[in-house]
Amino acid sequence: MPVKAILALGSNLGNSEDTLIKAIGDICSHEKIAVTKISPIAITAPVGGPAGQPDYANMVVEIETSLRPFMLLEYTQQIEQKHHRTRDVRWGPRTLDIDIIDIASLEMDDPDLTLPHPRAAERAFVLEPWARMDPAALLLGSSVRQLADDAADAGGIREFHPAPVVCA
């Protein structure tokens, strides 16, 4: 039976917005995934990592999937690799990052996958697009809208571009 999951996508190398749109198309192409909501694209200042990085394009998608968590993780990492993701520097520049934020409110702590994402509740670049996509969303029982307003990096969101229409 499919469950709801939230994925956060980010990019700050290459044509970032185009990469995000193509990545959503890749997500849609899996027979066990249906994209149900897509946030607007947020242009944000980098958070953490090396100084001098370009701004990020960030967005959030809601999916329904019958994939188990580690199968979803494997698939999102395949999409990252398809878009030439490298993991050289923690929080460094990247062509594509896909984080699993939440899967059906599941709580788990594994070296390869922690749910919900351990820093999601602190990151406006995830929370603000999510709140715009779903104003009633909750994360660990807290309002995503309120978490976004309270996030330390809330001032780093520079602009929003409309949600792309990708999956038909």
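These legends describe close-up views of a predicted model. Local features need pLDDT of at least 70, side-chain atom pairs count only at pLDDT 80 or more, and totals for chains, interfaces and linings use all residues. Residues are numbered from 1 along each chain as its sequence is written, and side-chain values use heavy atoms, without hydrogens and water.

**View A. Strand S3 (residues 41-44) and its side chains.** Strands are DSSP runs of E, at least two residues long, numbered from the N terminus. Ile 41 and Ile 43 point one way. Ala 42 and Thr 44 point the other way. All are buried (under 20% relative accessible area, 1.4 Å probe, protein chains only).

**View B. The pairing of S3 with strands S10 and S4.** Strands pair if DSSP finds at least two bridges between them. Four bridges join S3 to S10 (residues 157-161), antiparallel. Here Ile 41 stands opposite His 161. Three bridges join S3 to S4 (residues 56-65), also antiparallel. Here Thr 44 stands opposite Tyr 56.

**View C. Arg 132 over Phe 160.** The charged end of Arg 132 sits 3.6 Å from the ring centre of Phe 160. For Arg, a charge sits over a ring if CZ is within 6 Å of the ring centre and within 35 degrees of the ring normal.

**View D. The second largest pocket.** A pocket is an open set of points on a 1 Å grid over the protein atoms alone, where a 1.4 Å probe fits, with protein on both sides within 12 Å along at least five of seven lines. Lining residues have an atom within 4 Å of a point. This pocket has 14 of them. Lys 4, Asp 102, Ser 105, Leu 138 and Leu 139 lie nearest its centre. Strands S1 (3-11) and S8 (138-139) each give two or more residues to the lining.

Methods. Buried < 20%, exposed > 50% of the residue type's maximum accessible area, 1.4 Å probe, protein only.
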